[in-house]
Structures are given as C-alpha cells and as structure tokens.
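Here is a quick tour of one protein model, with the cut-offs spelled out along the way. Have the viewer open as you read.

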Amino acid sequence: MQSNKKQVGLVLGSGGARGLAHVGVIKSLEENNIPVDSVSGTSIGALIGGLYASGFSVKSLEKVIQEVDKIMVAKLLMPKLFTPGFIDNNKVRYFINEFVGDINIEDMKIPFASVATDLVTGEEVVFDKGPLIDAIIASIAIPAVFQPVFLKNRYLIDGGLSNPLPISVAKGNGSQIIIAVNVSPNPKRITKKIKSKQTNEIKLLVKKLPSLFTGLLNDNKQKVRSVKSEGEIERQKPVSFPSPSILNVFLQSISISNNNLMTQHLRFAKPDILISPNIEDFDMLEFYKGSEIIKRGYEAAQKSLQEIYSVLKMNK
C-alpha cells in the first residue's frame, strides 16, 4: 500500500561562503525531527547538500568547516595563471574528493540533484545521477573564478546563473512540501551593512587623527615645511578608503545577478517555507567565518519552526 506521506524537499541556494548557513538550517531541522526526503542545491548549496545527502552528519560538516582558516582559503584561491579561471579546479576536486570519493548520486542515502549552467546556451543543466563530485564541481564553477567544467559534452559553469534557488528542480523530482534556504541577500541590505561598517571606521579614524597628526609632526619635523602661518597647515589630500578588489567586484556582480534571477523565479515557483538567514555582513569568500555563519542559519531555522510544523500538519 502506497504511503500518503508528503515528500519534503530541502532546497539550498547559491551564495558563496554565506551558504555555510545551510549547515545551521540542517542542524535545526534534524534536532526538531523535521524530515528531509530529498535535497536540491545550487553552487554552495550543491556542495553542502551533496555532502549531507551522501551521508555526512551535521557534526562532520561543522567539524570540516570549523577547520577552515584564512591560510587554507588563501591556498585554495592561489591564482593559476594562463587559464580561464582564477582557481585551479584540480585543487577543488581533490579537496571535495577527500569527502565524497567515487559515490554516484543514485547510490546516495537521500535523493539529490544539483544545477549547473551551460556556458554556451545559458541553459540550466540538472545532475540527478552519475558521480556526485561532477555534480558538485559543475555547480560551483563561478565563471572567471573557477575554470569551466567540461561534462556532458558541454562547458558548464555556476548553477546560480540559471537557477540560484532550484525550487523548480525539487518540484520536478516529486517533492510536495518545499523548504527553501535563501543565502543570496538583497544587495541593498548588503550595501547598508557596508556603509554602516565604513561609517564606524571613519568615526574611529577621525577620533585618532589628532594624536596621529601630532606623532607625524614630531617624527618628521624636517619634512614638514608647508606651514603657512601659526596653526595653519597646507591642506592634505583627503583620506581615501580602499576600493573593492577586482575579485570582490566580480563576486558582488554575480551576487546581484543571482538575487535578481532568484526574485524572478520565486514568482513562478514558490516554496512552502522560505528561510533567509541574516548573513548580509559576511563576504562571499569568508569561509573562515564558518562557525558564525552556521549559527545564523541555525537561528533563522529556529524562528521558522512553527511555520514548518504548521505546513507539515496541514499536509499530513
């Protein structure tokens, strides 16, 4: 006799290091006995979701993430010259292979699907069978950062460029109740956080200026010859703040594109529950802040528990 139980699909979106919040969400779902019958993910969502669906425990995921530090991130991001990507794919493949090995998606504990994008046509490419490592590598291949991945007779790049929050994929695979996790926040909210951070930095600098300036005069008496009159010093160049790096500009551009595309997709494929962790103040490459980001995901999921229980009860 066929069960009337509704299939719960967990959908994990793209967002770089912000996507480590997915681990916190999964942790909350497990603690509260909320079932996950399938996982669909894009980019970082494909990485976290793929590891979890293959049998990795939340504790194991947390342990791996907590061991990531700035040096490890720097080594992974070490440029590979004269290639169509900033990061050497072999390094990433080797890193992921340590955890997933040669497992195929069809042999995994929980049904899984990831999304990549065809570089030539822009089409969405779904992986729901075959080697898990290929499904992850293709989905996380941010253009110009990673090299395109040649699979299925196509050059594939980050799935966030075609389907950053793959709710449609989960529904297409039979999930009837969708819990989606959005880790690609509205760029306006990110900008507000950055401005606030810069304002505090400016206030701190202004507060320190008198002592800094006095020290400069004492240490460089021979060099300071621009005094026009007592108490009047030649106008100095305004203090300038470093502009974002080329990499950060590019990643933020990808984030804006993903967010706009996701907004359009949500109009046609709405989840039953949308969890949006407060992760605007983390950059896309701050993987070494994993513990803090995981905590934000956990907190957001905890706040959504009553809504989740309500949906599950209605669909029994």
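What follows covers the model's ground rules, a helix pair, some strand pairing and the cavities.

## Ground rules

This is a predicted model, where local features need pLDDT of at least 70, side-chain atom pairs count only at pLDDT 80 or more, and totals for chains, interfaces and linings use all residues. Residues are numbered from 1 along each chain as its sequence is written, and side-chain values use heavy atoms, with hydrogens and water left out.

## Helices α1 and α2

Start with α1 (residues 21-31) and α2 (residues 44-53): their axes come within 10 Å and cross at roughly 35°. Helices (H or I, at least four residues) and strands (E, at least two) are DSSP runs numbered from the N terminus. Axes are lines fitted to C-alpha atoms, for helices over the stretch in contact, with angles from 0 to 180 degrees between N-to-C directions.

On the α1 side, the contact (heavy atoms within 4.5 Å) is made by His 22, Val 23, Ile 26 and Glu 30, and on the α2 side by Ile 44, Gly 45, Ile 48 and Tyr 52. By class, that gives five nonpolar, two polar and one charged residues.

## Strands around β8

Strand β8 (residues 154-158) pairs with β4 (residues 112-118) in the antiparallel sense over three bridges; pairing takes at least two DSSP bridges between the strands. Here Ala 116 has Asp 158 of β8 as its bridge partner.

β7 (residues 149-151) also pairs with β8, antiparallel and over three bridges, with Leu 151 opposite Arg 154. The two strands form a hairpin with two residues between them, and Lys 152 in the turn has a positive phi of about 55°.

## Cavities

Among the residues lining the largest cavity are Ser 14, Ser 43, Asp 158 and Met 284. Helix α9 (residues 246-266) gives the most to this lining, with three residues.

Notes. Ala, Val, Leu, Ile, Met, Phe, Trp, Tyr, Cys and Pro count as nonpolar, Asp, Glu, Lys and Arg as charged, and the others, Gly among them, as polar. On a 1 Å grid over the protein atoms alone, a cavity is a set of points where a 1.4 Å probe fits but cannot get out, and a pocket is an open set with protein on both sides within 12 Å along at least five of seven lines; lining residues have an atom within 4 Å of a point.
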